[in-house]
Amino acid sequence: QVDGAYAFGIHPLFVEQSAPEDLATLRRLVEQSIDDPRLVAIGEIGLDHFVPDLDRDRQMAFYREQLKIARDHDLPVLLHVRRAQDPVLAQLRRFGVRQGIAHAFNGSRQQAGAYLGQGLALGFGGAMTFARALQIRRLAAELPADAHVLETDAPDIAPAWQAKARNSPTQLPR
């Protein structure tokens with residue numbers, strides 16, 4: 001582990017506020033920081049097909065460019081995937097990105113296998129603590145220990161016992 005670890009990326013929820021020049025700035029930042037051991041990934045990047053009225057084509061264009069940056073610098077990706085498992089996976093394959101985390105994983109067993117086959121780990125957090133999350137809990141229990149990570153997404157996605165409260169990493173042990 002590296003103290004003060006960080007990642008650079010343009011989150012899909014902020015793509016519409018971003019300009020294409022921001023991708024060039026992102027590439028420059030990565031190139032300037034590539035020898036810093038605290039730079040651990042490109043992210044959080046990906047696709048969000050849950051939030052209405054987001055421009056999917058624009059999200060895809062930003063996602064692809066950020067995958068190129070990750071590939072060109074051999075960096076893992078931290079993926080935001082909401083109702084977009086298959087298109088996210090297709091682009092990972094297309095650009096040959098083979099390391100990272102599919103954050104807040106909520107896909108099928110088959111999709112889990114595809115991410116793992118691509119060399120990524122699956123992130124599980126607060127969502128799996130809710131009573132109705134049986135499929136995700138079963139899947140997480142069946143995976144080898146190195147196939148998943150526990151995450152908080154603080155301050156979001158609080159566990160069931162904190163449902164409406166601000167989430168924090170202090171919840172991970174429980």
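Me: How do the residues lining the largest pocket divide into nonpolar, polar and charged?
Reply: First, this is a predicted model, where local features need pLDDT of at least 70, side-chain atom pairs count only at pLDDT 80 or more, and totals for chains, interfaces and linings use all residues. For the sorting, Ala, Val, Leu, Ile, Met, Phe, Trp, Tyr, Cys and Pro go down as nonpolar, Asp, Glu, Lys and Arg as charged, and the others, Gly among them, as polar. On that count, the lining of the largest pocket comes to 14 nonpolar, eight polar and seven charged.

Me: Which residues lie nearest the centre of the largest pocket?
Reply: Residue numbers start from 1 along each chain as its sequence is written, and side-chain values use heavy atoms, with hydrogens and water left out. A pocket here is an open set of points on a 1 Å grid over the protein atoms alone, where a 1.4 Å probe fits, with protein on both sides within 12 Å along at least five of seven lines; lining residues have an atom within 4 Å of a point. The largest pocket holds about 840 Å³ of space, the space filled by probe spheres set on its points. Its lining has 29 residues, and those nearest the centre are Arg82, Ala104, Asn106, Ala127 and Ile157.

Me: Which element gives the largest share of the lining of the second largest pocket?
Reply: About 560 Å³ of space lies in the second largest pocket, which has 17 lining residues, including Ala5 and Val40. The elements giving two or more residues to this lining are β1 (6-8), β2 (39-48), β3 and β4; strands are DSSP runs of E, at least two residues, and helices runs of H or I, at least four. The largest share, three residues, is from β2.

Me: Which ring pair ties together parts that are 19 residues apart in sequence?
Reply: Three aromatic pairs turn up in the whole structure; rings pair if their centres lie within 6.5 Å, with planes under 30 degrees apart counted as stacked, over 60 as edge-to-face and the rest as tilted. One of them has centres 6.2 Å apart and planes at 85 degrees, so the pair of Phe105 and Phe124 is edge-to-face. The loop between β4 (100-102) and α4 (109-117) holds one partner and strand β5 (residues 120-124) the other, so the parts tied together belong to Phe105 and Phe124.

Me: Is Phe124 buried or exposed?
Reply: Ring pairs link Phe124 with Phe105 and Tyr115 into a cluster. Buried means under 20% relative accessible area, exposed over 50% and partly exposed in between (1.4 Å probe, protein chains only). Phe105 has 4%, while Phe124, at 1%, is buried.

Me: What covers the buried residues of α2?
Reply: Helix α2 (residues 56-72) has 17 residues and reaches 24 Å from its first C-alpha to its last. Its buried residues include Met60, Phe62, Tyr63 and Leu67. Their cover includes α1 (20-33), β2, β3 and α3 (85-95).

Me: Which residues does Arg109 touch, not counting residues up to four places away in sequence?
Reply: Arg109 is in helix α4 and is partly exposed, at 46% relative accessibility. Contact means heavy atoms within 4.5 Å. By that cut-off, Arg109 touches Gln135, Leu139 and Glu142.

Note on methods:
Rings of Phe, Tyr and Trp (its six-membered ring) pair if their centres lie within 6.5 Å; planes under 30 degrees apart count as stacked, over 60 as edge-to-face and the rest as tilted. The expected span of a helix is 1.5 Å times one less than its number of residues.
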